[in-house]
Amino acid sequence: MNKVLRELLFPAAAVAAAFVVGGLLVLAVGDRPLLTYELLIGSALTWPDGIGYTLFYATPLIFTGLAVAVAYRCGLLNIGAEGQLYVAAFATAWAGITFANLPALVLVPLCFLAAIVSGGAWGAIPGVLKARFGAHEVITTIMLNFVAVALASYFTQYHYKPPGDPILETVAIGDAARIPRLGRFLPGFPERIPANVAFLVALVACLLVYLFLWRTRFGFEIRATGASPAAAQYGGIATGRQVVLAMAISGALAGMVAINEVLGYRYRYYDGFSAGYGFTGIAVALLGRNHPLGVIVAALLFGALLRGGLFVDIFTEHVSKDLVMVLQGLIILFVAAEAIFRERLRARAPKAT
Amino acid sequence: MSQIFTIAFVLSALRLATPLVLAALGGLYSERSGVINIALEALLLAGAFTAATVTHFSGNPWLGLAAAIVAGIGVALVHGVACIRFRADQVVSGTALNIVFLGLPQLLAGALFASTGATPQLPKEQLLPWPPIVLAFALVPITWYVLDRTRFGLRLRAVGENPEAADTAGVDVARVRYLGVILSGALAAIGGAYLSIGQASLFTRNMSAGRGFIALAALIFGNWRPVPTMLACLLFGAADALSIQMQGVSQVPVQFIQLIPYVLTLVVLAGFIGRSRPPRALGVPYQKK
């Protein structure tokens with residue numbers, strides 16, 4: 001079978017199957033599936049609000065999807081994007097607060113660097129634990145997620161909270177650290193929509209990840225390690241180093257969520273800000289076949305679902321926005337067990353191949 | 001110091017360790033058979049939600065507990081079919097279920113009780129505060145016995161260590177693995193039921209709060225063996241009890257005490273304390289030749 005067709009067919013089948021199961025659930029709780037899906041998808045496609053918010057929600061998912069994809073190309077499952085983006089968001093806010101007096105031309109790059117370096121460093125830890133001690137990255141990243149959230153919350157609560165503020169958040173970053181919303185340049189796109197320059201940064205990140213993985217020696221070595229560690233080692237690749245490198249890049253990409261969240265949207269670190277972006281990133285990467293282009297498409301789909309979920313919450317009788325979480329999980333499940341579809345396909349055309 | 005370690009503290013630690021012990025023993029059956037189960041979190045939530053809901057409608061907590069077990073087995077079977085029948089990546093399948101259960105209980109609670117995720121409060125006489133605790137700690141020696149002294153235990157360990165050899169010896173690898181996964185669903189769901197109709201008196205949004213992952217940590221910490229795993233759960237339960245007791249009293253921020261299980265697990269994984277060795281075929285799908 002045509003390879004490109006297959007790459008598109010199975011993800012599409014997984015999404016369709018998840019929507020069918022989700023539809024049955026909607027039916028079970030007493031609402032109409034088609035109406036619910038019309039709200040879910042339709043409200044994400046209106047101009048400018050629907051599309052604007054979809055882009056805004058898709059931005060962190062592009063970063064976390066890329067993060068999971070890069071690690072996956074090296075044969076690693078990074079469940080730690082959630083922790084990496086929390087550490088980076090706090091570090092970015094810290095830089096934006098501490099150096100608030102610097103001019104934008106210096107401060108914005110500095111804050112970008114804070115996001116990338118802190119996320120990368122937090123991501124490198126499970127890489128080192130794996131390369132040096134053989135500790136499985138799935139377990140270590142799960143544990144590090146809890147450590148990251150607790151540390152960020154500790155520093156916020158005890159050192160950076162505005163006095164008297166009942167919400168667990170830091171003081172605001174300097175004005176110079178803020179990056180503009182898309183409405184600043186796009187005619188007809190109001191500035192109240194929080195989609196910001198971080199979306200363009202995410203697209204650039206996709207291009208860079210593509211060039212890195214498929215056009216550089218390091219990228220080749222990472223993919224070789226992922227394809228077969230034994231063969232890569234035999235071919236003279238220091239696989240341990242590739243594991244650390246891939247996890248550091250993965251963490252740095254997850255950390256770039258801070259650009260959208262801290263520099264482009266809330267202008268501060270806000271405890272518990274992530275709506276599971278790190279975990280949705282796993283769905284985005286798997287559905288997007290761990291390819292930057294696929295990641296963009298999948299992130300837009302999930303971004304649309306996050307936007308549409310709010311409308312389902314309001315305008316249906318029983319269904320809540322939790323349906324979106326269920327759909328996400330089901331999509332991952334069907335992508336993971338794609339053998340279901342492969343066997344159907346084979347059963348239908350047993351002698352064609 | 002002497003004021004901390006009172007009988008009340010020990011009881012509190014035992015109570016907090018109970019869902020961990022049940023989930024970790026559940027994970028043990030699945031993982032010793034070779035199937036990674038990071039869906040313990042989902043299983044806890046499935047058990048907690050089902051137990052509270054069925055108890056509310058029937059007025060009988062034992063029925064709630066039984067329904068929780070059925071629900072846990074159902075969810076575990078989804079994981080089992082995906083991993084054993086369709087050879088899905090076991091970590092990904094488990095992650096998928098965890099994500100599904102971040103939403104599903106709320107979706108159902110919204111429809112059943114018009115709430116944003118909680119079930120109605122249960123009266124005190126419809127709770128089971130003690131039986132799950134007794135069951136959890138009784139299951140530790142039972143699990144040891146089953147694993148070490150019975151035919152089923154031998155087969156379970158065999159398919160987890162060397163499925164090819166077990167297959168050659170006439171063991172139905174898939175069947176044994178399904179049994180391991182089913183047991184994990186049943187036990188973790190009892191742990192979940194304890195959260196909603198034992199410790200608390202209702203289900204609340206995401207009430208497992210990472211306990212499935214702490215149970216997983218205890219399992220690794222305990223080297224996939226029942227007694228050490230229970231000891232790890234007790235240690236983590238004590239850390240939890242300590243953090244509750246020290247809230248507002250001590251100078252040490254609560255966040256740091258809550259981190260003890262996670263940091264200890266990282267230290268163990270890095271090989272600073274002992275060495276943990278997972279079952280050899282853990283995570284590897286088996287395809288009959």
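Let me start at one residue, A:Ala89, which, once its neighbours within four places in sequence are left aside, is in contact with A:Val257, A:Ala258, A:Glu261, A:Val262, A:Tyr269 and A:Phe273. Please keep in mind throughout that what we are looking at is a predicted model.

As a general remark, nonpolar side chains in soluble globular proteins tend to be buried together.

Let me now turn to the chains themselves, beginning with chain A, which has 15 helices and zero strands. Its radius of gyration is 21 Å, close to the 20 Å that the globule rule gives for 353 residues, so chain A is as compact as a globular protein of that length. If we follow the C-alpha trace of chain A along its principal axes, it spans about 70 × 60 × 35 Å, and buried residues make up 57% of the 353 residues in this chain. Of the contacts in chain A with a separation of 6 or more, 76% are accounted for by residues 24 or more positions apart.

Chain B, for its part, comes to twelve helices and zero strands. A compact globule of 289 residues would have a radius of gyration near 19 Å, and chain B, with 19 Å, agrees with that. The C-alpha trace of chain B spans about 60 × 45 × 30 Å along its principal axes, while buried residues make up 53% of the 289 residues.

How do two helices of chain B pack against one another? The axes of helix H2, residues 40-58, and helix H3, residues 61-85, both of chain B, come within 7 Å and cross at roughly 145 degrees, and H2(B) passes H3(B) in a right-handed crossing. Among the residues that make this contact are B:Ala46, B:Gly47 and B:Thr50 of H2(B), and B:Gly64, B:Ala68 and B:Ala71 of H3(B). Sorted by class, the contact of H2(B) with H3(B) has 14 nonpolar, six polar and no charged residues.

Is B:Ser208 buried or exposed? It counts as buried, because it has 27 C-beta neighbours inside 10 Å, where 20 or more are needed. Not counting residues up to four places away in sequence, B:Ser208 touches B:Glu41, B:Leu44, B:Leu45, B:Ala48, B:Gly192 and B:Leu195. For B:Leu44, which is 164 residues apart from B:Ser208 along the chain, the C-alpha atoms of the two are separated by 6.4 Å.

Finally, let us look at where the two chains meet, a contact that takes 40 residues from chain A and 37 residues from chain B. On the side of chain A that touches chain B, helices H5 (104-133), H6 (137-160), H12 (277-287), H14 (322-336) and H15 (339-348) each supply at least two residues. The residues of that side of chain A divide into 31 nonpolar, eight polar and one charged.

Key. Residues are numbered from 1 along each chain as its sequence is written. Chains are lettered from A and ligands numbered from 1 in the order in which they are written. This is a predicted model: local features need pLDDT of at least 70, side-chain atom pairs count only at pLDDT 80 or more; totals for chains, interfaces and linings use all residues. Axes are lines fitted to C-alpha atoms, for helices over the stretch in contact, and angles run from 0 to 180 degrees between N-to-C directions. Helices (H or I, at least four residues) and strands (E, at least two) are DSSP runs, numbered from the N terminus. A crossing is left-handed if the near helix is turned anticlockwise from the far one by less than a right angle, and right-handed if clockwise. Two residues are in contact if their C-beta atoms, placed from the backbone, lie within 7 Å. Ala, Val, Leu, Ile, Met, Phe, Trp, Tyr, Cys and Pro count as nonpolar, Asp, Glu, Lys and Arg as charged, and the others, Gly among them, as polar. The radius of gyration is taken over C-alpha atoms; the globule rule is 2.2 Å times the number of residues to the power 0.38. A residue is buried if 20 or more other C-beta atoms lie within 10 Å of its own, exposed if 12 or fewer, and partly exposed in between; C-beta atoms are placed from the backbone.
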